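Q: I would like to learn how to read a protein model feature by feature. Could we work through one together?

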Amino acid sequence: FFSYGYDKWAASSTMTRIPEKVLLLLALAGGTPAALLGMYIFRHKISKSEFKYKLLLVLLVQVVLIAVYYYFV
């Protein structure tokens, strides 16, 4: 969540940005709800369709992994 806020702030200044890969990896590591919340609260990356599709893919992978886990356990 805070990564999106920092990156939004860094985008409007000369600070170092957080690469999109890092934002997506944080979401993949379990931070998808925080990533979605950060995107819309900070209004960051919401106009980037390619990023939104990648984040949706991360979410789908997580849902499949959770479903497979519960199916086999």
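Q: Which residues do ring pairs link into a cluster?
A: Rings of Phe, Tyr and Trp (its six-membered ring) pair if their centres lie within 6.5 Å, and planes under 30 degrees apart count as stacked, over 60 as edge-to-face and the rest as tilted. In this structure, ring pairs link Phe1, Phe2 and Phe42 into a cluster. Please keep in mind that this is a predicted model, in which local features need pLDDT of at least 70 and side-chain atom pairs count only at pLDDT 80 or more, while totals for chains, interfaces and linings use all residues. Residues are numbered from 1 along each chain as its sequence is written, and side-chain values use heavy atoms, with hydrogens and water left out.

Q: How many helices and strands does the protein have?
A: Helices (H or I, at least four residues) and strands (E, at least two) are DSSP runs, numbered from the N terminus. The protein has three helices and zero strands, which gives the pattern α-α-α when read along the sequence. Its C-alpha atoms fill a box of roughly 50 × 20 × 20 Å, taken along the principal axes.

Q: At what angle do helix α1 and helix α2 pack?
A: Two packed helices are described by the angle between their axes and the distance between the axes. Axes are lines fitted to C-alpha atoms, for helices over the stretch in contact, and angles run from 0 to 180 degrees between N-to-C directions. Here helix α1 (residues 2-11) and helix α2 (residues 20-41) pack at about 75 degrees, with their axes 8 Å apart. Angles under 35 degrees count as roughly parallel, over 145 as roughly antiparallel, 65 to 115 as roughly perpendicular and the rest as oblique, and α1 and α2 are therefore roughly perpendicular to each other.

Q: Which residues in α1 and α2 meet?
A: Contact means heavy atoms within 4.5 Å. Ser3, Tyr4 and Asp7 in α1 meet Leu23, Leu26, Ala35, Gly38 and Met39 in α2.

Q: Is His44 buried or exposed?
A: Buried means under 20% relative accessible area, exposed over 50%, and partly exposed in between (1.4 Å probe, protein chains only). His44, found in the loop between α2 and α3 (49-72), has a relative accessible area of 5% and is buried. Not counting residues up to four places away in sequence, His44 touches Tyr4, Asp7, Lys8, Arg17 and Met39.

Q: With which side chain does the side chain of His44 make a polar contact?
A: A polar contact is a pair of N or O atoms within 3.5 Å; within protein, one must be able to donate a hydrogen and the other to accept it, and residues adjacent in sequence count only if both atoms are side-chain atoms. For the side chain of His44, the partner is the side chain of Asp7 (2.7 Å).

Q: How many aromatic pairs does the structure hold?
A: The structure holds six aromatic pairs. In one of them, the rings of Tyr4 and Phe51 have centres 6.3 Å apart and planes at 65 degrees, so the pair is edge-to-face. This pair links distant parts of the chain, with Tyr4 in helix α1 and Phe51 in helix α3, 47 residues apart.
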